Amino acid sequence: MPLNTLTPSPAPTAPPRAGLREWLALFVLILPVLVVSLDNTALSFAVPQLSAALNPSGAGLLWIVDIYPLMLAGLLMTMGMLGDKVGRRRLLLIGTAGFGLVSLYAAFAPDALHLIAARALLGVFGAMLMPSTLSLLRNVFVNDDERRLAIAVWASGFAGGSALGPIVGGWLLEHFWWGSIFLVSVPPVFILLVAAPFLLPESRNPNAGRLDPVGVLMSIFAMLPLVFGIKHVAAQGLDPVAIASLGFGALVGAAFVHRQIHRPDPLLDLRLFTRPVFAASVAANFMSVFAFAGLIFYMSQHLQFVEGKAPLEASMSLIPGAIASIAMGLLAVSLAKVVPVRHLVPLGILLASGGYLLGTTLHVGSPGIVIVLVFALVGAGAGLAETLTNDAILASVPPERAGAASGISETAYELGAALGVAVLGSLLTWRYRAFLVLPAGLPAETEAAAKNTIGSAMSKAPELSPVLESSLVEATRRAFESGVALTSAVGAVVTLLTALGVWFVLYCDHRRSQSPTS
C-alpha cells in the first residue's frame, strides 16, 4: 500500500474532566470516611468514661477499640470483590444502613461484651463502605490530576473526622453518657442514604471473580489470634497460651497466603506485591496509619489521666494534628508535580518518626506546644504519605479492578489502625504494669483495679482517703508516663526504619527503570 494512502492514527483524546455532578458525588463519598473516623477518634476520648461505666479488663478495653478495625481488615478484600460483582453503589447503601442501625446498638450496649459485639458488627458493615467509596471515586474521576486531587480530598475526610470527633465527642461526653458518641454517625448516614442514589453511578466488574468464603474465614482467623497473642503477652507474658495463639495465627496466615497464590481469582492478588512501587506504597500506607492510630489511643489517655484535662479540653490538642494531616494531604497534590513521589512518601513517614521522638519527652505538666507538635508532626506525615500511596495503589489497576485494589489499600489502612492500637497499646500496658509501684494500705479491689488500667485506677481513687488517693494517682501517673516514653521511642524507631526501607525500595526501582537495559 502506498505510504500516502495510509490513514493517520487519531490522536488520543484526553479523559473527560469532572463536572458539578462528579464533585457533588465526591462530597457524598467523603461521608462514609467521615463516619468511620468520627467513631474511632471519639471512642478514644471516651475511654475514661467507658472504663468507669463498663469496667472492662485491660484486654477487654483493647478489644473494644481493636475488634472494629480487625473485622474491617479481615473483610475489606472480600467486600471489594463483592462490590465489583453486585455493584459498588448497592453495597455502599447496604453498608450505610447497617452501620447506622448498629451504631444505635453500640450506643446503648449494657456491658463490655455487648459493646465488643456491636463494634464487630460495625466492622462488618464498615467493610462494605470503604472499598466502595474508593472504587466509585476511581470510576467517577478518570482524569489523572483530578483523581489525585479527589483522593486527597477523600483522604482528608479521615483527618477531618479526627478533628470533629474529639470536639463533638468531647462535648457529648461532658453533657451525656459515653454511648452518645456512637450517635454522631447517624446524621451523615442519613444524608448518604438520601443523596447517594441520585449522585453516584452504579458500577461493577462483569468479569469479577468468585467469592472465596474459606479465604475470608482464614483471613479473619489469622488476624484475631495474632492480635490476641500480642495482648496476652502484654498482660501475662510469653506463656503457653500466647505461644499457641501466635503460632495458630501464623499457621493460618501461611495457609491463607498459599491459598491466594494458587487461586485463579484470589481475594488478595499477591502478584501485585512483586511490583516494588506497589509493595512500598502498601507498606507506607500501613505504617503511616499504624503511627497515627497508636498515638491517638495512648495520647488521649495521657491528656486526660496524666494531664488531668476534661474530654473537650483534651480533644483540642488533637485538632492541630488533624489540620496538618488535611493540609499536607492536599499539598501533596502540588508537591508531587515538582518532587518525586519516591522522596515524598518516605518524608511523610520521617515526619511521623520525628513526632514520636518528641513524644518521648512528655511528662506531667509538659508545655502544651510539645503535645501539639507531636500530633502535628505525626498527622502531617500521615496525610502526606496516605494521599500519595492511595493514588499509587489505585492508579496501578484498570477501572474494572478498582474494587479489589481499593480493598487492598483499605486493608492496609485498617490493619495498620488495628495493629497500631494492639502493638503500641499492649507495649504501653506492659510497661505500665511493670513500672507501677502501689502505695501500701490499698484495698484489694482497688489494687486489682490499679494493676488493670490507669482508667480503672482513677475511677477507684476518689473512694480512698486523701493521702492514699494522692499516692495512688501519683504512682499510676508515673507508671503511665514511663509507658508513654517507651512506646513513643519504639514508635520512633519503627517508623524511622520503615522510612529508610521504603526510600531504598523506591530508589532502587527508579534506578532500575532508568537503566538502559530495563
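Start your selection with helix α18, which gives the nonpolar patch its largest share, four residues. Helices here are DSSP runs of H or I with at least four residues, strands are DSSP runs of E with at least two, and both are numbered from the N terminus. Now select the whole patch on the surface: L347, L350, V493, L496, L497 and L500, with about 520 Å² of accessible area together. A patch takes in residues with over 30% relative accessible area and no salt bridge; nonpolar side chains (Val, Leu, Ile, Met, Phe, Trp, Tyr) are joined within 5 Å, and like charges within 9 Å. Accessible areas come from the Shrake-Rupley method with a 1.4 Å probe, and for residues only the protein chains shown count as cover.

Before you go on, note that this is a predicted model, in which local features need pLDDT of at least 70, side-chain atom pairs count only at pLDDT 80 or more, and totals for chains, interfaces and linings use all residues. Residues are numbered from 1 along each chain as its sequence is written, and side-chain values use heavy atoms, leaving out hydrogens and water.

**Stop 1**

Then click on L497, in helix α18. Is L497 buried or exposed? L497 is exposed, with a relative accessible area of 55%. The cut-offs are under 20% relative accessible area for buried and over 50% for exposed, with partly exposed in between (1.4 Å probe, protein chains only).

Stay with α13 for a moment. Its 19 residues should span 27 Å at 1.5 Å a residue, and its end C-alpha atoms are 28 Å apart, which agrees. The expected span is 1.5 Å times one less than the number of residues in the helix. Buried residues in α13 include L344, V345, P346, I349 and Y356.

**Stop 2: a salt bridge**

The term means a side-chain nitrogen of Lys or Arg within 4 Å of a carboxyl oxygen of Asp or Glu. Side chains of opposite charge can pair when their charged atoms come close. How far apart along helix α18 are R478 and E474? They are four residues apart, so about one helical turn separates them. R478 is partly exposed at 49% relative accessible area, and E474 is also partly exposed, at 37%. A search of the whole structure finds one salt bridge.

**Stop 3: helix α4 and its neighbours**

Select residues 88-107, which form helix α4. Its 20 residues reach 28 Å from the first C-alpha to the last, close to the 28 Å expected. Among its buried residues are L91, T96, F99, G100 and V102.

Click on V102, which is buried at 8% relative accessibility. Which residues does V102 contact, leaving aside its neighbours within four places in sequence? They are A118, L121, L122 and F125. Contact means heavy atoms within 4.5 Å.

Next, pick V189 in helix α7 (residues 186-199). V189 is buried too, at 8% relative accessibility. Beyond four places in sequence, V189 is in contact with V35, T96 and G100.

**Stop 4: the nonpolar cores**

Show L115 and F182, which touch the most other members of the 111-residue largest nonpolar core. A nonpolar core is a set of buried Ala, Val, Leu, Ile, Met, Phe, Trp, Tyr and Cys residues joined through side-chain atoms within 4.5 Å. A second, separate core of 16 residues includes A332, A336, I349 and A380.

**Stop 5: R21**

Find R21 in helix α1 (residues 20-45). R21 is partly exposed, with a relative accessible area of 46%. Not counting residues up to four places away in sequence, R21 touches F198 and L199.

**Last stop: the whole chain**

Zoom out to see the protein chain with its 18 helices and zero strands. Buried residues make up 57% of its 518 residues. The chain exposes about 20600 Å², and carbon and sulfur atoms supply 70% of that area.
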